[in-house]
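Visitor: Could you walk me through this structure, one contact at a time?

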Amino acid sequence: MNANKRKLLAESVQKAFKGLWSAFPILISVVLLISLVNVLVDAAFFAQFFGKNNALDLAVGATFGSILAGNPATSYVIGGELLGQGVSLLAVSAFLVCWVTVGVVQFPAESILLGKRFAIARNVSAFFCSIMVAVITVFLVGLL
Amino acid sequence: MTSENDNSCWYLLIFAIAAHILVFFLSPAKSYEAMNLFFKIIASIAPSLLLVFIFMALMNYYVKPKDLAKYMGKNSGAMGWVIAIVAGVLSTGPIYLWYPLLNDLQKQGVKSGLLAAFLYNRAVKIPLVPLMAFYFGFAYVFILSITMVAVSVFQGLATEKIMEAIK
């Protein structure tokens with residue numbers, strides 16, 4: 001490796017380190033908030049809000065999925081439990097997709113690092129697209 | 001980040017710590033549980049954080065801003081969407097770990113719609129397919145994943161339109 005390439009590599013590593021380091025307080029904040037939300041919010045509590053009608057269930061599922069955060073595997077377990085309690089697949093699908101695509105808890109971090117306009121636009125469009133994904137998926141599954 | 005954003009990130013950290021302190025006084029048991037979970041999450045994301053660091057360094061080394069502008073900039077075509085979708089599906093770890101890398105890409109002129117599509121496709125979790133299929137069946141998981149990939153392009157375009165509208 002010649003001197004120029006070594007210098008470029010050192011600069012690349014340094015730039016990556018600086019980028020991550022500047023985001024460090026934000027990452028720590030997000031994990032702190034996620035750990036609090038996970039402990040304070042009881043997912044089973046949400047089941048009582050479902051069952052009114054399909055359109056409302058869809059909105060409730062998408063809203064709860066947007067508020068709750070954490071490992072996607074957790075959302076599968078909660079989604080499975082909700083299905084077992086008679087909540088519609090439509091609502092559970094919206095819940096699952098919003099859990100991973102919309103981030104109310106992560107919003108401040110996203111806003112700081114990627115810009116408020118981007119964070120608002122991305123989360124709003126992800127919310128409505130998740131509802132669209134839920135409707136299309138349940139419709140197609142119904143055809144099988 | 002701007003200096004205003006530099007301050008914002010510290011305010012956010014102070015807010016998060018203050019929330020934990022408040023919970024500690026209201027319910028020490030919940031606070032203990034939350035701190036346990038905090039360290040558990042930190043331990044679980046550490047490998048992904050390392051991966052993001054390596055990606056960032058490699059991108060700085062190999063990818064030139066003009067290449068990024070060509071393939072993922074304003075005038076990038078279908079190739080940009082394909083790159084965003086594939087990278088989103090293959091990326092691992094929590095969504096917020098990728099913000100620093102995306103911040104870099106954004107500064108280098110990558111289209112907002114592509115960044116949004118990347119983040120949306122992170123919902124397609126290949127390693128978690130067996131677990132998801134256990135609860136919902138393989139057919140459901142397959143259809144959901146394909147639908148999410150297809151809708152992600154629409155979502156990226158919608159993000160750009162909304163950003164223009166709220167200028």
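Guide: Happy to; what follows is a set of questions and answers about a predicted model.

Visitor: Which helix of chain A gives the most to the side of chain A that touches chain B?
Guide: Let's begin with the contact itself, which takes 58 residues from chain A and 58 residues from chain B. On the chain A side, the elements that give two or more residues are helix 1 (3–40), helix 3 (72–84), helix 4 (89–101), helix 5 (107–114) and helix 6 (116–143). The one that gives the most, with 25 residues, is helix 1 of chain A.

Visitor: How many charged residues does the side of chain A that touches chain B have?
Guide: Sorting that side by class gives 40 nonpolar and 14 polar residues. The number of charged residues there is four.

Visitor: How do helix 2 and helix 4 of chain A run: roughly parallel or roughly antiparallel?
Guide: Helix 2 of chain A covers residues 54–67, and its axis lies 7 Å from that of helix 4 of chain A, at an angle of about 25°. Angles under 35 degrees count as roughly parallel. Therefore helix 2 of chain A and helix 4 of chain A are roughly parallel.

Visitor: What is the handedness of the crossing where helix 2 of chain A passes helix 4 of chain A?
Guide: To find the place, look for residues of helix 2 of chain A including A:L58 and A:F64, which belong to a group that meets residues of helix 4 of chain A, among them A:F95 and A:W99. By class, this contact has 13 nonpolar, four polar and one charged residues. The crossing of helix 2 of chain A and helix 4 of chain A is right-handed.

Visitor: How far apart are the centres of domain 1 and domain 2 of chain B?
Guide: In chain B, the domain assignment gives domain 1 (1–62) and domain 2 (65–167). Their contact takes seven residues from domain 1 of chain B and eight residues from domain 2 of chain B. On the domain 1 side, six are nonpolar, one is polar and none is charged. Taken over C-alpha atoms, the centres of domain 1 and domain 2 of chain B are separated by 23 Å.

Visitor: Is the crossing of helix 2 and helix 5 of chain B left-handed or right-handed?
Guide: Helix 2 (residues 28–62) and helix 5 (residues 99–107) of chain B pack at an angle of about 15°, with axes 9 Å apart. So these helices of chain B are roughly parallel. B:V52, B:F55 and B:M56 of helix 2 make the contact with B:P100, B:L101 and B:D104 of helix 5. The crossing of helix 2 and helix 5 of chain B is left-handed.

Note on methods
Residues are numbered from 1 along each chain as its sequence is written. Chains are lettered from A and ligands numbered from 1 in the order in which they are written. This is a predicted model: local features need pLDDT of at least 70, side-chain atom pairs count only at pLDDT 80 or more; totals for chains, interfaces and linings use all residues. Two residues are in contact if their C-beta atoms, placed from the backbone, lie within 7 Å. Helices (H or I, at least four residues) and strands (E, at least two) are DSSP runs, numbered from the N terminus. Ala, Val, Leu, Ile, Met, Phe, Trp, Tyr, Cys and Pro count as nonpolar, Asp, Glu, Lys and Arg as charged, and the others, Gly among them, as polar. Domain bounds come from an automatic or database domain assignment. Axes are lines fitted to C-alpha atoms, for helices over the stretch in contact, and angles run from 0 to 180 degrees between N-to-C directions. Angles under 35 degrees count as roughly parallel, over 145 as roughly antiparallel, 65 to 115 as roughly perpendicular and the rest as oblique. A crossing is left-handed if the near helix is turned anticlockwise from the far one by less than a right angle, and right-handed if clockwise.
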